[in-house]
Amino acid sequence: MSVLVYIEADNNAVKKSSLEALTYAAKMNAGDVTALVTDKAENLEELGKYGVKTVLQVSDDKLSTRPVSAIASAIASAASKAGANVVVMSRSSTVDAAAPRVGVKMKATVASNVVALPQTDNGFVVRRGVFTGKAFADTKLEGENKVLTIAKNALAIDDSVGGSATVEAFSPEYGAKDFAVKVTDVKKQEGDILLPEADLVVSAGRGLKGPENWGMIENLANELHAATACSKPVSDMDWRPHHEHVGQTGIKVAPSLYIAVGISGAIQHLAGVNSSKTIVVINKDSEAPFFKSADYGVVGDAFDVVPKLTEALKKAGI
Amino acid sequence: MNILVCICHVPDTTTKIKFTGTELDKNGVQFIIGPYDDYALARAVELKDASGGKLTVLNVGEADTEPTIRKALAIGADDAVRINAHPKDAYFVAEQIAAYAKDKNFDMILMGREASDYNGGQVHGMVAEMLDMPCIVPCMTLEVEGNIAKMGREIEGGKEYVECEMPFVAGCQEPIAEWKIPNMRGIMMARKKPLEVIEPTTESAPTEIVNFELPPSRGNVKMIDADNMDELVRLLKEEAKVL
Ligand SMILES: Cc1cc2nc3c(=O)[nH]c(=O)nc-3n(C[C@H](O)[C@H](O)[C@H](O)COP(=O)(O)OP(=O)(O)OC[C@H]3O[C@@H](n4cnc5c(N)ncnc54)[C@H](O)[C@@H]3O)c2cc1C
């Protein structure tokens, strides 16, 4: 038996979320771990530290934009080569789209948004986040083959598992229609800290009154090396770009620290941020619902509190 | 254009979730069209209005989902299909949709990027794979030129614009279109529109929920004086250990 982990890399470096998937695979104790890499990446032997035995590396320019259908074929064909009956991957825009296709190709049972290691004393049971973070569902997966997509920050990375991995070139088998979707343009946003990947997030809502007041939010984010985010009405009014909107209908984030400034804490907003490890709420209304879901709260005017917090961070040398 | 929109029937987003054993406690819960499906439906209505054709809405569900289906008809679908089964899991639902759509020549099959109850986000991809079609998710813009669909989707750190030939499957989300609210005329007309009920092709579902659990509530919020941000920084560093 063995486990296949699909790995994503950005700028030649393996993503932190992919290292989480490797840790998950190693801790499952389900046999050898094989990794599949279709992005350009260096030092792949080092994945041995996370318990990987073999890395299958695909070098094919046609995969550089991660075409979903072709990536799904590559994953299924790597699983077949590795004799893997479990595929583990961390959630991403590619993985979320590819996982169901891999499931059908491998005749595997798919579980998405998995937040903990499987329980195997009575079948194979994984815990998934459901009802937009309002509940967990322990789900029993039937069948030989399984595809699991792992939620961000579901478990801490462990790089003390093994030695060095063997890297092998691999040519997957593609389906006839795998390149039917053509990428015509890609627009990357500016700035180097991307919201879905960020470990620290500073977010602001309608309480900020207008786009001209975001300077203090950016200063605070800069001080923390955090990404910036916003509530839905803020992006609807074009105060901030759409890709910053977090919540049920926006991006879901799970950073170590989420600071919410002038956001009421509506249930749809919470749905996108309630998996954050620590939540700080700054709101002038002591009755704001967000305080009920916060770890730390400050009742005060954002225009007064935010600059003070930035100063305090500066002073503490954070 | 011949469009299929798949909708789910989910608790209103503000619902407090409770369970009885391994089922959702439906007592006092108001059900709605899945919020992401609502975006798919809204864009489908616009495309149909612009080009003509037919818009069918499909739901895999038991009889209690019919008010939700009628709402979709009131918003602008021409006819509806209900596959009479408890939607056990994503694979089961995808199998039903694929079996229905297989020989119907839909130009596109639209649905939400995920259901807001079980958040699987799998049905679109499974249907596409079963029917050997492309699938675009999350689909945030959708235009049609001749036989080509042009779409935008969010990727890490930006947006990607793609195109493919029809037919295709898409899992939609905002801002693809503004939600449409049914008007009186739509509601009256919806009563007379056909709603066909068909039986499922199989009963098998590969997953089973054995237990639900509510997440632990965060400990009582610790309040910090607005004039003492040094204390907040200290707590974030020493107590929460996030700095
Ligand atoms: C189906 C559906 C999906 C939705 N999806 C999302 C989603 O994905 N994300 C999302 O965010 N919302 C979503 N919403 C909207 C959501 O319900 C709320 O309307 C929204 O989150 C409110 O944004 P807000 O807190 O910024 O604004 P408001 O509700 O207007 O709150 C502003 C807050 O700022 C505080 N404030 C005002 N002035 C100051 C000041 N000077 N200093 C400090 N605090 C101040 C106020 O006390 C108030 O609490 C959705 C709604 C629906 C129906």
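**Exercise 1.** Let's start with a ring in this predicted model: is B:Tyr118 buried, partly exposed or exposed?

*Solution.* Step 1: B:Tyr118 has a relative accessibility of 28%. Step 2: buried means under 20% and exposed means over 50%, with partly exposed in between. Step 3: B:Tyr118 therefore counts as partly exposed.

**Exercise 2.** Work out what kind of aromatic pair A:Phe131 and B:Tyr118 make.

*Solution.* Step 1: searching the whole structure gives eight aromatic pairs over all chains. Step 2: in the pair of A:Phe131 and B:Tyr118, the ring centres are 5.2 Å apart and the planes meet at 70°. Step 3: planes over 60 degrees apart count as edge-to-face, so that is the name for this pair. Step 4: the pair crosses between chains, with A:Phe131 in the loop between β8 (125–130) and β9 (135–141) of chain A. Step 5: A:Phe131 is buried, at 2% relative accessible area.

**Exercise 3.** Now try B:Tyr39 and B:Trp179: what kind of pair are they?

*Solution.* Step 1: their ring centres are 5.0 Å apart, with the planes at 35°. Step 2: stacked needs planes under 30 degrees apart and edge-to-face over 60, so this pair is tilted. Step 3: the two residues are 140 residues apart in chain B.

**Exercise 4.** Why is the ligand site shared between chains?

*Solution.* Step 1: 27 residues surround the ligand, with A:Ser231 and A:His269 among the closest. Step 2: these surrounding residues come from chains A and B, so the site is shared.

Notes:
Residues are numbered from 1 along each chain as its sequence is written. Chains are lettered from A and ligands numbered from 1 in the order in which they are written. This is a predicted model: local features need pLDDT of at least 70, side-chain atom pairs count only at pLDDT 80 or more; totals for chains, interfaces and linings use all residues. Side-chain values use heavy atoms; hydrogens and water are left out. A residue is near a molecule or strand if one of its heavy atoms lies within 4 Å of it. Rings of Phe, Tyr and Trp (its six-membered ring) pair if their centres lie within 6.5 Å; planes under 30 degrees apart count as stacked, over 60 as edge-to-face and the rest as tilted. Helices (H or I, at least four residues) and strands (E, at least two) are DSSP runs, numbered from the N terminus. Buried means under 20% relative accessible area, exposed over 50%, partly exposed in between (1.4 Å probe, protein chains only).
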